[in-house]
Amino acid sequence: MKKLLWICFFLTLGFSQTWERILPCYVNNVYYAGAYSGGVNYSRPDWVDIDNDGDYDLMIGAEHGGMHFYRNIGTASSPSWLFVTEFYENIDIENRCSQAFVDIDNDNDYDILIGEQDGNINFYRNVGSPTNDTFVLVTENYNGINVGSFSAPVCCDIDADGDYDLFIGEHYGNLNYYRNDGTASTPAWTFVTETWFSIDVGT
């Protein structure tokens, strides 16, 4: 009997376990889908339909340099968030992740521009597909852009010419504006101003 117990003990040691912080719970009658996902310092939320299922999922950039990923397992009108990981796609820029998901090369899937504490922009190209993304780091110094510190990019077609333009917030509260003078698939960024419309939010 003793020999059998030792055999069971060593067999148990041979199996590894992986724990994920995804357990839901109620706190003061409030439901939390990812009770053990932890807090996020300097959080930067971004909504993106990363699994192409017709509803928005949630990415939260964090001080530690990764992105907390919450999958929407509900619907487009009634979301329900499932915590998946604090390092989406194992991306880790080390400090102050500030991500923007955008189809920057016009190939119908999301790429990622990520600002960070040093003021530069990291560019990850999606070489996968809309339903099976695979991100590859292209450069940590996208287009040579550096706004000094705490860069926070976002893209939108502000001049309605059919391609994305680039805005970058920074530490001192200004908005840097880069106009796209290229195309939707091959951007060419022209720096216009670091104080777009004189907007200054302080820090």
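A word on terms: helices (H or I, at least four residues) and strands (E, at least two) are DSSP runs, numbered from the N terminus. Two strands count as paired if DSSP finds at least two bridges between them. Note that this is a predicted model, where local features need pLDDT of at least 70, side-chain atom pairs count only at pLDDT 80 or more, and totals for chains, interfaces and linings use all residues. Residues are numbered from 1 along each chain as its sequence is written, and side-chain values use heavy atoms, with hydrogens and water left out.

In general, strands of a sheet pair through backbone hydrogen bonds, either parallel or antiparallel.

Which order do the strands of the open sheet follow? There are four of them, in the order 3-4-5-6, and their pairing is antiparallel. At the edges sit strand 3 (44-48) and strand 6 (81-85), each pairing on one side only. From one strand to the next, the twist averages 25 degrees; here axes are lines fitted to C-alpha atoms, for helices over the stretch in contact, and angles run from 0 to 180 degrees between N-to-C directions.

Strand 3 is joined to strand 4 (residues 57-61) by five bridges. There, V48 stands opposite D57 of strand 4.

Now further along. Strand 12 (residues 165-169) and strand 13 (residues 175-180) run antiparallel, joined by four bridges. G169 faces L175 in strand 13. Their hairpin has five residues between the strands, and G173 takes a positive phi near 90 degrees.

Strand 13 also pairs with strand 14 (residues 189-193), antiparallel, over four bridges. In this pair N180 stands opposite W189 of strand 14.
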